[in-house]
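Please look over the sequence and the model before reading on.

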Amino acid sequence: MDPQTAGWALIVALFLPLVGAGLLALMPARLDREIRWAAVGITGVAFAVVVAMTAAFDFGSTGELQFQTDVSWISAINANFHIALDGISLPLFFLTYLLPLLCAIYTTKILPAPGKPKAFLALMLLLQTGMAGTFVAFDLILFFIFWELVLVPMFFMIGMWGGARRDYASVKFFLYTLFGSIFMLVAFLAIYFQNGATTWDIQALSAAGGVGGLTFQTWAFLGIFLGFAIKVPMWPFHTWLPDAHTEAPTVGSVLLAGVLLKMGTYGFIRIALPILPDGAMRFAPIIGVLAVIGIIYGSLCCLAQTDVKRLIAFSSVGHMGFVMLGIAAMNESGIQAALFGNIAHGIVTGMLFFLAGSLHERYHTREIAEIGGGMFTKIPRYGVLFTYVAVASLGLPGLAGFWGEFTAMWAAISPGGGLADTYQGLYLVLVIFAAIGTVLTAGYFLWLLQRVNLGRPMARWADEPLQDVMRVEWVSWLPLLILILALGVYPRLVFGVQDAAVSNLMGWVLG
């Protein structure tokens with residue numbers, strides 16, 4: 001694929017969901033079935049373009065940008081329309097197109113009240129464009145626009161199709177993330193003017209070896225930290241997440257866990273570390289401490305949950321803590337671990353939210369005590385799938401959840417950038433507590449499986465005809481189920497893609 005064609009391929013992939021959202025909006029609302037299948041077609045074509053781009057990607061390159069378009073956009077402020085892909089963004093970009101396709105297929109049969117597939121699917125496509133744009137934008141202004149774009153569709157998806165407390169959850173999500181975005185924008189402006197008001201280009205600012213002195217970088221990093229940490233979310237900025245996940249419709253939860261949370265960790269890696277390396281070094285131990293607190297806190301909260309979906313939501317706080325621990329290690333292995341953990345969490349936890357949604361469709365409740373066990377007897381295929389994904393989430397070797405967590409702890413034993421000289425003892429303590437977190441994670445997932453899968457069905461379900469896994473669910477879930485095993489057995493599927501790009505990036509960070 002020649003450079004010009006490659007650039008157009010990325011533009012087409014990026015804006016096809018947005019165009020699709022407009023097309024769905026023009027369709028008559030009465031065409032319920034046609035609208036649902038049109039969304040499958042749009043997401044399918046977009047995914048096919050991304051698959052073709054992945055096949056054409058030069059995996060043997062030295063980490064340079066590919067599929068690049070860099071043209072003047074807002075000349076008055078020197079902002080460019082600069083989009084591209086490298087080994088860091090490609091896996092996340094691929095996942096951003098896979099999950100909406102699977103969600104669209106799922107929605108052909110299952111859509112929460114009040115229905116309205118045209119509005120729901122148009123919002124999903126708009127959300128997809130915002131998420132995808134975040135991973136390919138290489139201009140700070142363009143990045144910020146895509147970053148903010150995701151707020152509106154997710155707000156309405158939760159607020160209109162969510163659970164009983166959807167109004168509270170949607171407003172909380174919107175306000176928390178908007179609050180963080182304000183500080184992030186101020187930090188971007190500070191970086192621009194500190195650099196002489198010449199460029200917003202992320203690649204150019206990164207290659208310059210850092211903007212400003214230590215004091216400036218410390219304050220600028222703090223502003224960026226607030227924006228990205230809320231989105232991850234890190235403890236103690238996490239409180240919007242359980243409410244948003246619990247009240248969101250199934251598709252909203254899948255996309256929120258699968259892609260949206262990754263925008264924060266990606267922002268740390270792509271922007272905060274290379275542009276503000278001295279500030280990152282100063283904050284790294286703090287990030288490590290907050291990450292491990294999140295791991296332990298999330299696990300303990302899971303042990304106290306009575307709602308399956310809320311338990312899975314709190315598990316995300318712990319899993320994303322391992323991603324942030326990898327970033328706090330400030331070495332190549334840690335960044336590799338964080339990026340792999342992003343993909344593994346997106347696949348595994350996205351699948352868990354699919355399962356939680358289908359569980360509610362069958363039992364009309366997510367309360368563990370009301371389900372009361374016996375799924376292996378009542379719906380055995382579903383019970384096996386739930387067990388498979390849960391043990392992947394707890395980090396069983398051979399499945400996707402293992403490599404990100406193990407590599408993050410291994411990387412944190414010997415942090416980079418001179419951190420080992422001053423904070424070696426602290427990082428060893430963090431690794432010990434992170435390891436305890438893996439034990440707690442195993443504990444709450446095994447306890448969950450024991451309470452819902454084993455034993456006899458309760459009397460109220462004994463004669464209730466509960467359907468096992470449906471055909472549409474198999475089609476929607478099979479790619480994720482395969483990826484869970486494939487990434488566990490052959491982690492180089494992700495590690496090999498991002499290796500050169502991570503080396504380049506950490507060369508800028510560590511000087």
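Is R460 buried or partly exposed, and what is its relative accessible area? In this predicted model, R460 is partly exposed, with a relative accessible area of 48%.

## The R460–E370 pair

R460 forms a salt bridge with E370, and their closest N and O atoms are 3.8 Å apart. Because R460 belongs to helix α21 (residues 459–462) and E370 to helix α16, this pair ties together parts that are 90 residues apart in sequence. E370 is partly exposed too, at a relative accessible area of 34%.

## Other salt bridges

The whole structure holds 9 salt bridges. One of them joins D243 to R310, with 3.5 Å between the closest N and O atoms. D243 sits in helix α10 and R310 in helix α14 (residues 308–328), so the contact links parts 67 residues apart in sequence. D243 is buried, with a relative accessible area of 6%, whereas R310 is partly exposed at 23%. Salt bridges with shared partners connect R165, K172, D243 and R310 in one network.

D307 and R366 form another salt bridge, their closest N and O atoms lying 3.3 Å apart. D307 is in the loop between α13 (277–303) and α14, and R366 is in the loop between α15 (332–363) and α16 (368–371), so this pair ties together parts 59 residues apart in sequence. Both D307 and R366 are buried.

E247 lies in helix α10 (residues 240–247). Which side chain of opposite charge is nearest to E247? That side chain is R165, 4.4 Å away. E247 is buried and has no salt bridge, because a salt bridge requires the nitrogen and the carboxyl oxygen to be within 4 Å.

The backbone of R165 does approach E247: its nitrogen lies 3.1 Å from a polar atom of the E247 side chain. Leaving aside residues up to four places away in sequence, E247 touches I158, G162, G163, A164, R165, R166 and A169.

## Helix α2

Helix α2 (residues 32–56) has 25 residues. From its first C-alpha to its last, α2 reaches 37 Å, close to the expected 36 Å at 1.5 Å a residue.

The buried residues of α2 include I35, A39, I42, A46, V50 and M53. R36, V40, T43, F47 and T54 in α2 are buried as well. An α-helix has 3.6 residues a turn, so residues three or four places apart point the same way.

Notes:
Residues are numbered from 1 along each chain as its sequence is written. This is a predicted model: local features need pLDDT of at least 70, side-chain atom pairs count only at pLDDT 80 or more; totals for chains, interfaces and linings use all residues. Side-chain values use heavy atoms; hydrogens and water are left out. Helices (H or I, at least four residues) and strands (E, at least two) are DSSP runs, numbered from the N terminus. The expected span of a helix is 1.5 Å times one less than its number of residues. Buried means under 20% relative accessible area, exposed over 50%, partly exposed in between (1.4 Å probe, protein chains only). Lys and Arg count as positive and Asp and Glu as negative; His and the chain ends are not counted. A polar contact is a pair of N or O atoms within 3.5 Å; within protein, one must be able to donate a hydrogen and the other to accept it, and residues adjacent in sequence count only if both atoms are side-chain atoms. Contact means heavy atoms within 4.5 Å.
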